[in-house]
Amino acid sequence: MQDEELNWVKLASQGDGEAVAQLYQRYAPAIFRYVYYRLGDRETAEDMTSEVFCRALEGLPRYQQRGLPFSAWLYRIAGARVIDHYRRARRRPTTDLHPGLPARTGDPVVTAELQLTDEELRWAVTQLTAAQQQVVVLRFVEGLSHEEVARIIGRSEGAVRVLQYRALETLRRILQERPEGGL
Amino acid sequence: MKAKRKADLLAERLAAPEVGAEEPSSPQSGAVEAELESLQLLARRLAATRLPELSSEAQVAGLVRVRETLHERRAARSRRGVWMWRLARTVLAVFLVLLFTATGTVWAAGGSLPGQVLYPLKRQVETARLSLTWRPFARSILLLSYANRRLDEVQAVCPSGNCPAGLLSDLETNVQEAETTIEQLPPGERTVPLEGMYRLTGRTEEILMQIIERAPAELRPALEVILERFRNRHNWADDALKQGRPAPTVTPTPSRRPTATWTPAVIPTNEPLEHWPAGIQPTDTPEPTAKPRRTSTPLPSPIPSTEPPTTTATLGPTLEPVSTPESPRLPPPTPTPTSPRLPPQTLTPVPPTSTPYPYP
């Protein structure tokens with residue numbers, strides 16, 4: 001799989017349309033989930049997903065394989081695009097303990113353990129800092145290891161573990177202080 | 001407990017397969033244990049999040065957008081290629097202009113004289129060209145060519161003998177080096193450079209004699225020394241040519257020098273004029289057929305000598321054997337124009353006379 005991916009990346013950097021399509025079809029769903037979890041808006045997430053791949057295409061000639069999967073580079077681009085989106089929208093993810101709760105829409109998934117809907121959880125994640133959001137989404141939503149997350153966000157594994165702890169601690173506090181339900 | 005320690009403990013718990021399935025490796029206090037357990041539950045809840053998938057329509061739309069970006073990149077690259085081609089074309093044009101300018105400058109320098117701006121460039125080009133010429137034959141021809149140039153310069157810039165420093169010595173140096181190079185050539189390759197040497201030294205003699213005539217008295221001795229050396233070289237070239245030439249088989253011809261072309265068949269002999277081709281007489285002089293040795297003779301004097309002529313050396317372009325008084329060195333019958341090169345001398349038919357040919 002690694003060699004095949006490298007081959008596609010090489011062909012895509014040379015302008016091969018088929019290789020570009022293969023990479024898009026493989027990684028677009030994961031990038032969409034990542035961006036959606038952080039933004040909360042489907043349309044914006046869809047636009048940003050294609051924008052991430054367009055940016056990746058422009059930067060392909062400069063791409064260097066350094067032992068990381070191609071997806072790690074895409075996640076980096078996606079994280080930068082999300083931060084730019086926040087800046088443009090003049091929204092900075094904060095640890096405001098009294099944010100407005102989103103209306104319950106879609107098909108909420110209520111678990112016995114925590115009685116949290118996915119939407120509530122996602123909203124709570126958007127209240128974290130950008131770095132905490134990245135760690136939470138990459139570690140728990142995408143299922144990446146500490147090492148992979150560290151390489152994507154450009155920090156050490158120890159820093160990722162600390163970010164993970166602080167992110168979960170802050171999430172717990174946010175959810176505890178919401179009016180209905182709690183941990 | 002510090003946050004970093006808690007973070008490490010939490011990471012260990014998260015790496016465990018289930019919450020509470022195993023005893024923790026290092027049991028903690030109750031409060032910490034409760035905290036870690038709740039965070040572990042929250043992490044598990046996050047991992048169980050169901051997110052909407054990228055719809056097929058959105059996926060297709062995204063792929064179309066990515067392909068458009070790819071096409072734009074290709075178009076930009078081709079535009080860049082066109083721009084690069086235009087830049088390369090401009091650079092090439094500038095290079096050609098500079099090349100032609102440099103070539104033109106070098107060509108213009110070829111006619112420059114000592115004291116002119118381009119003269120040093122002319123000499124540098126000669127030096128460079130000589131350094132790249134290593135074959136003896138080509139080197140000898142090149143050295144003779146440069147010696148001819150020096151001679152032209154001498155004739156142009158020092159008609160009165162007051163030559164720029166080093167010009168005459170450069171001339172001698174070129175000739176001497178040519179002589180050395182010719183001597184290293186195999187016999188079969190010597191003819192052409194020897195003929196060139198012969199013509200050059202003969203022409204040098206003529207020009208030097210003109211200069212000596214007009215030179216101040218204090219310069220004449222040095223010029224005469226140089227003249228003598230060139231005479232010796234002229235004799236050497238003549239002897240060398242004779243050694244390599246087969247026995248003459250045709251009737252005499254007027255002269256070996258200076259003709260427009262030299263052909264081995266035109267061999268001077270001692271035949272008197274009567275045996276020469278009818279209606280043809282040499283209008284230029286140099287050597288009589290017997291090729292008398294050039295020896296030290298008095299400078300040209302207007303006073304005719306009563307002795308029979310022993311040489312036909314003349315500085316003029318024409319010779320009238322009937323009326324010209326005999327002297328070893330005849331003054332030029334006509335004014336010699338000052339030019340870098342002597343006019344080519346040709347045979348012109350002269351009506352035969354009854355006067356015997358003056359040369360032995």
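In which helix of chain A is confidence lowest, and in which is confidence highest? In this predicted model, where local features need pLDDT of at least 70, side-chain atom pairs count only at pLDDT 80 or more and totals for chains, interfaces and linings use all residues, residues are numbered from 1 along each chain as its sequence is written. Chains are lettered from A, and side-chain values use heavy atoms, with hydrogens and water left out.

Confidence in chain A, expressed as pLDDT (the predictor's confidence in each residue, from 0 to 100), is lowest in helix α1 (residues 2–13), at a mean of 83, and highest in helix α8 (residues 157–176), at 92, helices being DSSP runs of H or I of at least four residues, numbered from the N terminus. Chain A averages a pLDDT of 80, and 82% of its residues score at least 70. Over residues 94–113 of chain A, pLDDT stays under 50. Where pLDDT is low, the predicted coordinates should not be read in detail.

The contact between the chains (heavy atoms within 4.5 Å) takes 50 residues from chain A and 37 residues from chain B. Across this interface the rule finds three salt bridges, each defined as a side-chain nitrogen of Lys or Arg within 4 Å of a carboxyl oxygen of Asp or Glu; A:R33 and B:E53 meet through their side chains in a salt bridge, at 3.7 Å from N to O. On the side of chain B that touches chain A, α1 (3–15), α2 (30–47) and α3 (56–109) of chain B each supply at least two residues, and α3(B) gives the most, with twelve residues.
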